[in-house]
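Visitor: I would like to learn how to read the features of this model one by one. Where should we begin?

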Amino acid sequence: MAAASPVESLQEEATCPLCLEYFTDPVTLECGHNFCRACVAQCWEGPDRAASCPQCRETVQQRNLRPNRQLANVVEIAKQLSFQAAKGAGGGRVCGEHQEALKLFCEEDQTPICVICRESRAHRAHTVVPIQEAAEEYKEKIQAHLKTLREEREKWLGFKVTGEERSQEYLKQTETERQKIVSEFQQLRQFLEEQERLLLAQLEKLDKEIVKIENENITKLSEGISCLSELISEMEGKCQKPGSEFLQDVRSTLSRCEKGKFQQSEEISPELEEQVSDFSQKTIVLMETLRKFKDTLPSALESLGAHRQANVTLDPDTAHPILVLSEGGKSVRCGDTRQRLPKNPERFDSVFCVLGCEGFTSGRHRWEVDVEDGQFWAVGVARASVGRKGGISCSPEGGIWAVEWLGQFLALTSPVTPLPRSRAPSRIRVCLDCDRGQVTFIDAGDEAPIFTFPPGSVPGERIRPWLWVWPGSRLRLCP
């Protein structure tokens, strides 16, 4: 058997014979043997004042335990020497408790241990193997897992490449559709502008024709009025003369009176009147066509995924008694005192909430909430059947899908999801897609997405706007 090294001999002398670990607070008995204070105290548990040495069995007095400071210093030196020796032999991996090289592996605790740990109570009954043998065994297991993981990674890389290729194809398709839409609307704008110019030109031509006829008629009528005025003056003068003079040439006078009756001029020619009437009929048909186009365009856009603007008002029958609604239900603030309101089943009685009057079961809808005057708030949607009494869960499980500002932006999921935004927006846009069961929140100021509850999150039942207001805050529904 090889002789022990000086370091190993020092380690053996610095080891307690009871716990087989380095001495901790070493004490010396009357017989000269040394132990850890805790170890020997554990051996002497009982009412007897006299006890025996655990090593030589000599009877000793418990009160005669003397601290062995020199041995404690030797233990520290042995630990340092053991640490340096193990560090040189084991590449720096040593036991943090005993400063020994980690040469063994505990199968039960799945951790490397040193030879002193092996003899301790913590590992004495465990299965241990040399660390190199354990390393080889686990390397084989890891290699088997690595093969599976590499295959899985290749599969995911394939999905990524396929997804990127599909995304590029979809982007090309959307770009083509974008160009089509821009081109078609540009042509439509040009067509409408051209028709507008033609119609206005026709109207201008009719205006000129009407003004021309009016001026001609005015000239003719002015001339006729002047002639009639002269004839009237002359006839009035004749009527003032004596009968013999008046009757002279009376037949000529009557003839002149007959000739003085002018034929009335037409204000507008039949052809021009027909043109004006025809143009009016065409204008009526055109306006009706444009109105139909304007009415059907929102539905067509909605079918392409656009959300229709909803005119949302707040339902006073659901508002918590501390909430004060404006006349018309377009804003809500948290008052200072609880109002005396009917305790109807629809009213929230514990959480400072209010629902919108409107309920949606199909289609896509959007509305905006001004939160600039709100210190803390939450904005979203809720099931029409959401609980109103007592504490409610502001989460999808409780029938509420919303985002909240409490000095930090949160999506009210289960658990809540922190959102990477350092400031609160001034206005929130809520976009509800009932057909897909999805709700999206957008910063209406910069059009940046805030959070989306994915498709299928919102159930297929009546959904209403929902607001939560903190004391001192005010929220307003935008027109």
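Guide: Begin with the helices: the expected span of a helix is 1.5 Å times one less than its number of residues. Helices (H or I, at least four residues) and strands (E, at least two) are DSSP runs, numbered from the N terminus. The model is predicted, so local features need pLDDT of at least 70 and side-chain atom pairs count only at pLDDT 80 or more, while totals for chains, interfaces and linings use all residues. Residues are numbered from 1 along each chain as its sequence is written, and side-chain values use heavy atoms, with hydrogens and water left out.

Visitor: What span should the 109 residues of helix α5 have?

Guide: Helix α5 covers residues 131-239 and should span 162 Å at 1.5 Å a residue. The C-alpha atoms at its ends are 150 Å apart, which agrees.

Visitor: Which residues of α5 are buried?

Guide: Buried means under 20% relative accessible area, exposed over 50%, and partly exposed in between (1.4 Å probe, protein chains only). In α5 the buried residues include Ala134, Leu206, Gly224 and Lys238.

Visitor: How many salt bridges does the structure hold?

Guide: A salt bridge is a side-chain nitrogen of Lys or Arg within 4 Å of a carboxyl oxygen of Asp or Glu. The structure holds 14 of them. One joins Glu137 to Lys141 at 3.7 Å, N to O; both residues lie in helix α5, four residues apart, about one turn of the helix. Glu137 counts as partly exposed because its relative accessibility is 32%, and Lys141 does so at 41%. Glu175 and Arg178 form another salt bridge, at 2.5 Å, N to O. They are three residues apart in α5, so about one helical turn separates them. Glu175 is partly exposed at 35%, as is Arg178 at 45%.

Visitor: Which side chain meets that of Arg429 in a salt bridge?

Guide: The partner is Glu447, at 2.8 Å, N to O. Arg429 lies in strand β18 (residues 427-433) and Glu447 in the loop between β19 and β20, so the pair ties together parts that are 18 residues apart in sequence. Arg429 is buried, with a relative accessible area of 13%, whereas Glu447 is partly exposed at 46%.

Visitor: How do β19 and β20 pair, parallel or antiparallel?

Guide: Strands of a sheet pair through backbone hydrogen bonds, in either sense. Two strands pair if DSSP finds at least two bridges between them. Strand β19 (residues 438-443) and strand β20 (residues 448-453) are antiparallel, with five bridges. Val439 has Phe453 in β20 as its bridge partner. The two strands form a hairpin with four residues between them, and Glu447 in the turn has a positive phi of about 65 degrees.

Visitor: In what order do the three strands of the open sheet stand?

Guide: The order is β2-β1-β5, with antiparallel pairing. β2 (34-36) and β5 (66-67) are the edge strands, each with a single partner, so one side of each has no neighbour in the sheet. Strand β1 (residues 26-28) pairs with β5 over two bridges, and Val27 stands opposite Pro67 in β5.

Visitor: Which residues have the most contacts inside the largest nonpolar core?

Guide: A nonpolar core is a set of buried Ala, Val, Leu, Ile, Met, Phe, Trp, Tyr and Cys residues joined through side-chain atoms within 4.5 Å. The largest has 37 residues, and Trp367, Ile428 and Val439 have the most contacts inside it. Apart from this core lies another, of 18 residues, among them Phe23, Cys95, Leu102 and Cys117.
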